[in-house]
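Hello,

Here is the structure I promised to pass on to you. Have a look at it first, and then read on for what turned up in it.

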Amino acid sequence: MSNTEPLAIKRVTPKNITDKELFYGHKACAGCGGSLAVRLALKVLGERTFSAFPAGCMAAVGFIYPQMAFKNNSIITTFPGVASMAAGIAAGAKALGLEDYKTVAFAGDGGTADIGFQALSGMIDRNDDVMYICYDNEAYMNTGIQKSGLTPYGTKTTTTPAGTNLPGSVTHKKNLFEIIAAHDIAYAATASIGYPQDFINKVNKAKHIKGTTFIHVYASCPTGWGTPTHTAVEIAKEAVDCGLFYLAEYEDGEFKLNKNPKEFASADEYLKKQGRFRHLTDEDIKLVTDQRDKKWERMRKQWL
Amino acid sequence: MDNSIKPQKRDFVRPQHINDYPVGPQFEAGFLAETNAGWRTFRPVVDHDKCVYCLRCYIVCPDGTIFKDNDKINVDLDYCKGCGVCAHECPKDAISMVKEEL
Ligand SMILES: Cc1ncc(C[n+]2csc(CCOP(=O)(O)OP(=O)(O)O)c2C)c(N)n1
Ligand code: SF4
Ligand code: SF4
Ligand code: SF4
Ligand SMILES: [Mg+2]
């Protein structure tokens with residue numbers, strides 16, 4: 001057999017994915033999207049994975065002494081320090097001469113776009129061999145739903161209440177994916193638990209890349225969003241279908257839109273079925289959709 | 001279900017002496033000290049005649065409590081929280097959520 005061709009990455013499917021559950025028995029709320037993202041990613045990465053979790057829901061629900069809901073080697077880190085910890089783990093594993101393993105950091109939107117950003121930026125700059133997955137539930141959930149840099153306009157949180165003076169959050173969602181890409185990272189992607197096969201494919205792709213990789217996965221939170229538990233996957237799909245989130249990749253210096261819908265599903269419907277947006281007026285929603293259209297116009301012009 | 005395919009709860013032996021505690025902050029991976037069954041008000045019940053084994057439910061379960069069991073899906077009711085995602089996502093309506101009786 002010739003060895004000159006690079007081995008094609010074997011696709012991971014529901015049929016051939018490992019039967020082993022590596023994140024099991026955790027205490028996340030029923031229907032937690034973040035826990036689905038962690039579960040699927042760990043199944044793709046396998047048992048020989050070091051995973052690091054900063055303060056946040058996934059740390060809180062996974063490590064309740066003496067219970068340890070991870071089957072792989074996992075650790076809680078300081079809130080701002082998951083990227084530093086993961087970079088250290090990767091350096092340690094290399095020094096030990098380990099083979100056939102992966103190091104992954106899982107952090108929330110707050111832990112990534114706000115307080116953990118400096119460590120993350122440094123890690124990408126050094127190109128440490130770590131996969132970083134941000135599960136984005138659009139607020140600081142573990143401490144009771146406070147606004148983060150990834151909370152979208154008009155979201156009702158405990159620090160951005162909606163009332164006669166304010167429509168909830170008055171800032172827009174930070175453009176995290178492009179901020180990460182601007183580091184000229186080897187691989188970055190956005191994903192949604194509403195499109196689980198796409199997410200699995202992206203984790204699998206990043207698994208086979210040495211150096212820092214980044215995946216921003218949209219992950220619903222029934223508790224913080226005011227949505228029924230059974231729609232947890234559906235609502236994360238609808239966010240993409242109505243254009244308020246998007247599926248894209250950045251690779252070899254190029255952006256790629258993975259999904260370019262001819263027509264968006266109704267953003268109004270997506271917003272109104274969530275307690276966090278139910279107060280929005282038609283005017284607020286117009287502001288949200290105008291912003292969306294502007295963003296898509298730019299993405300289509302530059303990335304297609 | 002063949003119990004070897006799913007993680008099991010284990011009894012926690014309370015440390016008697018400081019020396020019995022693990023050194024450092026770590027604990028044994030995959031150690032489950034209690035079940036989650038009590039969280040549930042509805043349980044998923046699978047109609048195997050309707051199920052086409054597409055594995056959609058298996059992929060989308062946030063708790064990973066759906067197992068492949070000899071080409072049939074099988075729910076671990078010790079850890080299923082009854083969120084209803086599996087039933088809602090099933091393209092064949094093969095899962096119904098049935099109220100738990102006390
Ligand atoms: C330095 C520091 N500040 C604040 C906290 C309190 N804290 C713990 S988790 C958390 C929110 C995490 O939000 P996010 O990163 O979005 O993850 P989520 O809980 O939403 O999964 C906060 C504020 C902390 N642990 N450490
Ligand atoms: S609050 Fe939200 S993110 Fe946290 S465990 Fe519950 S559902 Fe998951
Ligand atoms: S989603 Fe429905 S049809 Fe598919 S495997 Fe599950 S129960 Fe069967
Ligand atoms: S009800 Fe929820 S936790 Fe239970 S098997 Fe279905 S998806 Fe999994
Ligand atoms: Mg969050």
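Which residue in E10(A) is the bridge partner of A:Ala248? The partner is A:Leu257. Please keep in mind that this is a predicted model.

That pair belongs to the link between strand E9 (residues 248-251) and E10 of chain A, which run antiparallel and are joined by 4 bridges. Both strands are part of an open sheet of 8 strands in chain A, with mixed pairing and the order E4-E1-E5-E6-E8-E7-E9-E10. Strand E4 (73-77) and strand E10 (254-257) of chain A stand at the edges with a single partner strand each, so one side of each has no neighbour in the sheet. On average, neighbouring strands are turned by 15° against each other, direction ignored. Helix H11 (residues 282-303) of chain A packs on this sheet, where it touches E9 and E10 of chain A. The direction of H11 makes about 120° with that of E10(A).

A:Asp109 lies in helix H4 (residues 109-114) and A:Asn137 in the loop between strand E6 (131-136) and helix H6 (176-181) of chain A, so the pair ties together parts 28 residues apart in sequence. A:Asp109 and A:Asn137 are both buried.

A:Asn137 turns up again around ligand 2, where the surrounding residues also include A:Cys29, A:Cys32, A:Cys57 and A:Cys221. The shell of ligand 2 has 6 nonpolar residues, 2 polar ones and no charged ones.

Enjoy exploring!

Terms used
Residues are numbered from 1 along each chain as its sequence is written. Chains are lettered from A and ligands numbered from 1 in the order in which they are written. This is a predicted model: local features need pLDDT of at least 70, side-chain atom pairs count only at pLDDT 80 or more; totals for chains, interfaces and linings use all residues. Side-chain values use heavy atoms; hydrogens and water are left out. Two strands pair if DSSP finds at least two bridges between them. Helices (H or I, at least four residues) and strands (E, at least two) are DSSP runs, numbered from the N terminus. Axes are lines fitted to C-alpha atoms, for helices over the stretch in contact, and angles run from 0 to 180 degrees between N-to-C directions. Contact means heavy atoms within 4.5 Å. A residue is near a molecule or strand if one of its heavy atoms lies within 4 Å of it. Ala, Val, Leu, Ile, Met, Phe, Trp, Tyr, Cys and Pro count as nonpolar, Asp, Glu, Lys and Arg as charged, and the others, Gly among them, as polar. Buried means under 20% relative accessible area, exposed over 50%, partly exposed in between (1.4 Å probe, protein chains only).
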